[in-house]
Amino acid sequence: MRQNIYDDETFYTLYDQMREEKKHLSANDLIEIPTIRSMLPDLNGKRILELGCGYGDSCAYFSEKGAKYILGTDISSHMIDIAKIKHKSTNCKFQVLAMEDISTIHDKFDIIVSSLAFHYVEDFEKLLQDIYKLLKDDGLLIFSQEHPIGTGTILNDACHNSDNITLADKRYYLVSDYNINGKRIVDWNNCKVVKYHRNFNYIINTLQGCNFQIEDILEPTPTKEVIEKRPDYKNQLDKPFFLFIKARKIKH
């Protein structure tokens with residue numbers, strides 16, 4: 001199933017508003033973006049593909065760091081239109097393209113990057129196979145996704161109507177259905193959003209089965225400086241928001 005929720009006007013109006021209201025204070029700004037950038041190698045002269053590039057801000061960052069060529073793809077024409085306007089002076093190109101269709105790209109890249117997008121794709125194995133073909137020999141895949149601890153629980157009305165429990169200043173979360181991989185439907189910005197849960201076992205074994213050598217796995221916790229800005233993020237010490245993986249293409 002291909003879901004293009006970011007072209008739904010109801011969704012993207014609220015999403016754009018949320019991004020603006022939480023600018024520099026969101027989990028993306030404080031944790032996700034700094035972490036994935038810390039995993040990047042020297043970008044000077046590199047050819048980079050970003051899957052799910054959104055508004056193109058990371059593509060522009062890659063350009064600033066010396067990348068030779070950057071292609072940003074996203075299923076959302078709304079986001080790509082904005083990316084083309086915001087970053088037209090860079091050496092970035094942007095294309096409306098679903099991750100399920102990246103096999104139509106006839107090019108090779110040193111690095112493929114994706115931030116918080118893989119959990120929208122149903123067929124993880126095919127995605128990795130397509131990425132493998134687009135990478136040069138010894139190329140890198142660096143991606144983040146929602147943490148499997150967070151995506152596992154199959155929510156029902158009772159779950160939606162119950163709050164997480166706080167005892168002795170510690171937050172306790174509902175975690176269930178972790179080893180049941182597959183579709184999850186969540187309410188977000190007045191829309192039903194489809195995501196796909198995969199446990200660690202499946203993620204790691206599928207990467208290795210698709211001939212990727214894992215070089216780094218991160219489950220970042222907030223720094224003291226982040227907690228000073230967002231005290232509620234201390235709860236990520238108990239339940240991380242994100243999972244980051246760096247993997248290298250190996251010959252088979």
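The buried residues of helix α3 are covered by elements that include α2, β1, β2, β3 and β4 (109-114), contact being taken as heavy atoms within 4.5 Å. The model is a predicted one, in which local features need pLDDT of at least 70, side-chain atom pairs count only at pLDDT 80 or more, and totals for chains, interfaces and linings use all residues. Residues are numbered from 1 along each chain as its sequence is written, and side-chain values use heavy atoms, with hydrogens and water left out.

Helix α3 spans residues 57-64, and its buried residues are S58, C59, A60, Y61 and F62. Buried denotes under 20% relative accessible area, exposed over 50%, and partly exposed the range in between (1.4 Å probe, protein chains only). Helices (H or I, at least four residues) and strands (E, at least two) are DSSP runs, numbered from the N terminus. After α3 comes G66, with a positive phi near 100°.

An open sheet is formed by seven strands, ordered β3-β2-β1-β4-β5-β11-β10, with mixed pairing. Its edge strands, β3 (92-96) and β10 (212-218), each pair on one side only; two strands pair if DSSP finds at least two bridges between them. On average, neighbouring strands of this sheet are turned by 15° against each other, direction ignored. Strands β1 (residues 47-51) and β2 (residues 69-74) run parallel and are joined by five bridges. Within this pair, R47 stands opposite Y69 in β2. Across β2 and β3 lies helix α4 (residues 77-86), which runs at about 160° to β3. Axes are lines fitted to C-alpha atoms, for helices over the stretch in contact, and angles run from 0 to 180 degrees between N-to-C directions.

Helix α2 (residues 27-38) contains E32. This residue is buried yet has no salt bridge, and the nearest side chain of opposite charge, that of R37, is 7.5 Å away. A salt bridge requires a side-chain nitrogen of Lys or Arg within 4 Å of a carboxyl oxygen of Asp or Glu; Lys and Arg count as positive and Asp and Glu as negative, while His and the chain ends are not counted. The E32 side chain does make a polar contact with the side chain of S144, at 2.7 Å. Residues up to four places away in sequence aside, E32 touches A27, S115, L116, S144, F242 and F244.

Y6 belongs to the segment before α1 (9-21). Y6 is buried, with a relative accessible area of 13%. The C-alpha atoms of Y6 and D74 are separated by 9.7 Å, although these residues are 68 residues apart along the chain.

Terms used. Polar contact = N/O pair within 3.5 Å; in protein donor to acceptor, adjacent residues only side chain to side chain.
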